[in-house]
Amino acid sequence: QQLSQVTNLATQTSNAGSSSIWGLEAEFSALVGDYLRLDGNIAFLDTEFDELCTTDTRNTALALDPGNCTFDDGAGGTFVTPNLAGNELPRAPDLTAFLAATYERSLTNTLDGFVRAEWQHTGDQFFSVFNRPNVAQDAYDLFNASIGVSASDGRWNARLWVRNLADEEYFSNLFESGVTDALVIPQGFAGPPRTWGVSVGFNF
């Protein structure tokens, strides 16, 4: 397993000695009456490094103890890196869930209409192999909605949609791009704020 880290504005790729990943996932789709459809899924994920020896520029002085990784420096000495065994894998939320409700019915002989609402949950996750609290994202929920019409023969459709209806603030990714001996300065990408638009589609 290869992992990429950004340290002092440089991207480094390292190999994890081993890791354990297991999870459970379930999904469903159900018709409720003649016009309402429910779709959803839920996933539980458990991840852990069994062994990961990597340099941590915040902690350059490490003791020679069994918990750390010791290497020959090629000049008769040794250097030590932390062993991150037990840490969670980055970008691996423990729980994700999705639920959508779509109400659709005929408006005329040639025109159908629909309304759709969505809820998406993303659990706690780290963005760093070091599992630092300031390079992580707490659980958050997103809500989306749309309303539209379509031709009964499927030739065209039009919809008005809004995403992140509650204007939730969250990070989609964080990097340890600035690191000093005592401070980790994360940089990254904020998730999109509330957005809305109109989509028109045609099938040929």
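Is Val198 buried or exposed, and what is its relative accessible area?

Modeller: Val198 is exposed, because its relative accessible area is 60%, where exposed stands for over 50%, buried for under 20% and partly exposed for anything in between, with a 1.4 Å probe and protein chains only. Before going further, please note that this is a predicted model, in which local features need pLDDT of at least 70 and side-chain atom pairs count only at pLDDT 80 or more, while totals for chains, interfaces and linings use all residues. Residues are numbered from 1 along each chain as its sequence is written, and side-chain values use heavy atoms, with hydrogens and water left out.

Val198 is found in strand E15, strands being DSSP runs (E, at least two residues) numbered from the N terminus. Val198 also belongs to a nonpolar patch on the surface, whose other members include Tyr35, Tyr103, Trp156, Leu160, Trp196, Val200, Phe202 and Phe204, and the patch has about 1300 Å² of accessible area together. The elements that give two or more residues to this patch are strand E12 (156–163) and strand E15 (195–202), and the largest share, 4 residues, comes from E15. Patches of this kind are made of residues with over 30% relative accessible area and no salt bridge, nonpolar side chains (Val, Leu, Ile, Met, Phe, Trp, Tyr) being joined within 5 Å and like charges within 9 Å, and the areas come from the Shrake-Rupley method with a 1.4 Å probe.

Ser150 is found in strand E11 (residues 140–151) and counts as buried because its relative accessibility is 13%.

The surface also carries a patch of negative charge, in which Asp46, Glu48, Asp50, Glu51, Glu88, Asp94, Asp124 and Asp138 gather. Glu51 lies in strand E4 (residues 36–51) and counts as partly exposed, at 37% relative accessibility. Ser20, in strand E3 (residues 18–32), is in contact with Asp46, Thr47, Glu48 and Asp50, leaving aside its neighbours within four places in sequence, and Ser20 is itself partly exposed, with a relative accessible area of 33%. The C-alpha atoms of Ser20 and Phe49 are separated by 6.3 Å, although these residues are 29 residues apart along the chain.

As for charge pairing, the structure holds 2 salt bridges, each defined by a side-chain nitrogen of Lys or Arg within 4 Å of a carboxyl oxygen of Asp or Glu. In one of them the side chains of Asp39 and Arg37 meet at 2.9 Å, N to O, with Asp39 buried at a relative accessible area of 15% and Arg37 partly exposed at 29%. Arg116 forms a salt bridge with Glu118, the closest N and O atoms being 2.7 Å apart; Arg116 counts as buried at 18% relative accessibility, whereas Glu118 counts as partly exposed at 22%.

Methods. Lys, Arg positive; Asp, Glu negative; His and termini not counted. Charge placed at Lys NZ, Arg CZ, Asp CG, Glu CD. Contact = heavy atoms within 4.5 Å.
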